[in-house]
Amino acid sequence: MKTQVDVGPHRDNAELETFSRLASESFNVPLDRMPAYFDAVGRHNVRVVRVAGEVVGGLVVIPGGQFFGGRPMRMAGVALVATAAHRRGTGAATALLRAVLDEQCRAGVPISALYPATVRLYRRAGYELAGVALEATVPTASIDVRERSLDVRPAAPADEAAIRALYHEVARHSPGALDRSDFHWKRVHNFRGELTRGYVFSRGDSLEGYVFIRDVSTGSAWSANLYVQDVACTTAAAARAVLTFLADHRSTRPQVIFRCGPGDPLLLQLGEIQYTLAARLPWMLRILDVPAALTGRGYPPGAEGELHLDVRDDFLPDAGGRFTLTVTRASASVTPGGRGDLAIDIRGLAALFSGHLGPHQLVLTGYASGNDTALETARGLFGGPAPWLRDEF
């Protein structure tokens with residue numbers, strides 16, 4: 001007799017408490033922190049998987065968005081995927097992901113993203129690595145920039161709207177950056193219970209940059225490293241002013257640490273390369289609705305071309321098929337059918353879509369095959385700056 005497996009919202013507090021315990025055990029998070037987390041993301045966004053009526057796992061869907069090609073797109077963030085230790089390897093997590101992805105697709109959400117604790121599970125579900133974040137560690141005393149032409153002051157609640165607008169302007173030029181929800185902004189101000197300190201940089205009434213910082217212990221009673229929780233600048237002067245502000249902490253903050261992307265403007269302002277870079281938290285992307293995803297993102301100005309795709313999706317077969325993408329003056333349309341000149345796995349399409357991998361790289365991974373014309377068309381349409389993410393979720 002086949003064991004009954006079902007997925008859905010938690011039915012009562014007892015089921016939520018069971019999932020809280022499983023998530024706490026899986027991620028080594030104090031159990032007493034779970035209620036505040038669920039309140040922040042919205043308890044209605046919790047999904048659990050039951051086997052024979054028993055809750056054996058769950059996850060959280062975090063509604064939000066991501067920027068691709070300069071446009072924000074709806075995105076279902078997936079977090080806190082946990083399964084009971086005695087139920088791992090039974091298919092419960094796969095059933096959970098299949099049901100949630102199908103639910104989000106039917107709700108009109110074109111893409112999903114997550115940070116993987118394990119890559120193999122999520123690749124089976126159609127996700128692929130789609131970007132990275134680098135972590136820069138800069139000796140504070142080595143910051144050789146001095147810029148004091150801007151006014152600097154602590155951020156106030158009245159600055160919130162301007163800060164969010166400035167972030168939006170910067171993020172739209174950074175593939176993969178979140179189109180932040182209130183949940184994500186709360187984590188900028190209060191990261192896992194630790195309040196950050198915000199500062200704004202302006203010229204007259206015009207805001208040109210901001211930074212949010214918090215302290216990270218070095219083990220010494222007299223010093224701490226400075227962690228940049230969030231930073232954004234719309235001018236080179238603001239980037240230099242932020243660096244100057246950070247350098248002014250050098251007497252008690254030996255190192256400045258911040259997440260960044262390749263070619264980060266802050267690092268490029270430094271006169272010497274005395275920092276170190278380490279890869280942190282690669283993230284994965286999943287295309288849920290191929291036509292909606294391809295028409296929802298932006299394309300390079302002046303980009304034109306017709307790409308005939310044959311998309312294979314073994315996890316959600318209805319999501320695959322043949323599609324013709326037509327881009328004219330950076331505006332896209334998708335029609336079903338076509339020649340299928342570029343055969344591509346749904347995972348390869350995710351990496352191509354984000355710009356993390358080019359079509360020729362995907363051929364070498366076995367994710368794609370096609371003629372030279374199709375490969376060059378894909379390269380022209382999806383090429384751009386390297387995608388990365390600052391936010392955790």
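Figure 1. Once its neighbours within four places in sequence are left aside, I287 is in contact (heavy atoms within 4.5 Å) with P110, I111, A293, I346, L349, A350 and F353. The model shown here is predicted, so that local features need pLDDT of at least 70 and side-chain atom pairs count only at pLDDT 80 or more, while totals for chains, interfaces and linings use all residues. Residues are numbered from 1 along each chain as its sequence is written, and side-chain values use heavy atoms, with hydrogens and water left out. I287 is found in strand β14, residues 276-287; strands (E, at least two residues) and helices (H or I, at least four) are DSSP runs numbered from the N terminus. With a relative accessible area of 1%, I287 is buried, where buried means under 20% relative accessible area, exposed over 50% and partly exposed in between, for a 1.4 Å probe and protein chains only. The C-alpha atoms of I287 and H184, which are 103 residues apart along the chain, are separated by 22 Å.

**Figure 2. The nonpolar cores.** A nonpolar core is a set of buried Ala, Val, Leu, Ile, Met, Phe, Trp, Tyr and Cys residues joined through side-chain atoms within 4.5 Å. The largest such core has 71 residues, and those with the most contacts inside it are L285, I287, L325 and F353. Helix α10 (residues 346-354) supplies the largest share of this core, namely six residues. A second, separate core of 29 residues includes L246, L266, L270 and Y275. Beyond its neighbours within four places in sequence, L285 is in contact with Q66, F68, I111, S112, A113, G126, Y127, E128, A130, A350, F353 and S354.

**Figure 3. Helix α6 and its cover.** Within helix α6, which comprises residues 182-189, the residues F183, H184, W185, R187 and V188 are buried. The cover over the buried residues of α6 includes helices α2 and α5 (160-171), together with strands β3 (54-68), β8 (190-191), β11 (206-217) and β12 (224-233).

**Figure 4. S223 between β11 and β12.** S223 lies in the loop that joins these two strands, β11 and β12. If residues up to four places away in sequence are not counted, S223 touches T218, T252 and P254. The C-alpha atoms of S223 and A125 are separated by 45 Å, the two residues being 98 residues apart along the chain.

**Figure 5. R203 in strand β10.** R203 lies in strand β10, residues 197-203, and at 40% relative accessibility R203 counts as partly exposed. Leaving aside neighbours within four places in sequence, the residues in contact with R203 are S149, L150, E208 and A237. For A237, which is 34 residues from R203 along the chain, the separation of the two C-alpha atoms is 10.0 Å.

**Figure 6. G340 between β17 and β18.** G340 lies in the loop between β17 (331-336) and β18 (342-345), where, at 16% relative accessibility, G340 counts as buried. Not counting residues up to four places away in sequence, G340 touches H308, L309, D310 and R322. The C-alpha atoms of G340 and F19, which are 321 residues apart along the chain, are separated by 44 Å.

Figure 7. Most residues other than glycine have a negative phi. N28, although not a glycine, has a positive phi of about 55 degrees; N28 is found in the loop between α1 (13-27) and α2 (34-41), and is exposed, with a relative accessible area of 72%. Phi of L80, likewise a residue other than glycine, is positive and near 55 degrees. L80 is found in strand β4, residues 71-83, and at 17% relative accessibility L80 counts as buried.

Figure 8. Of the 393 residues, 51% count as buried. Among the contacts in the chain with a separation of 6 or more, 73% are accounted for by residues 24 or more positions apart.
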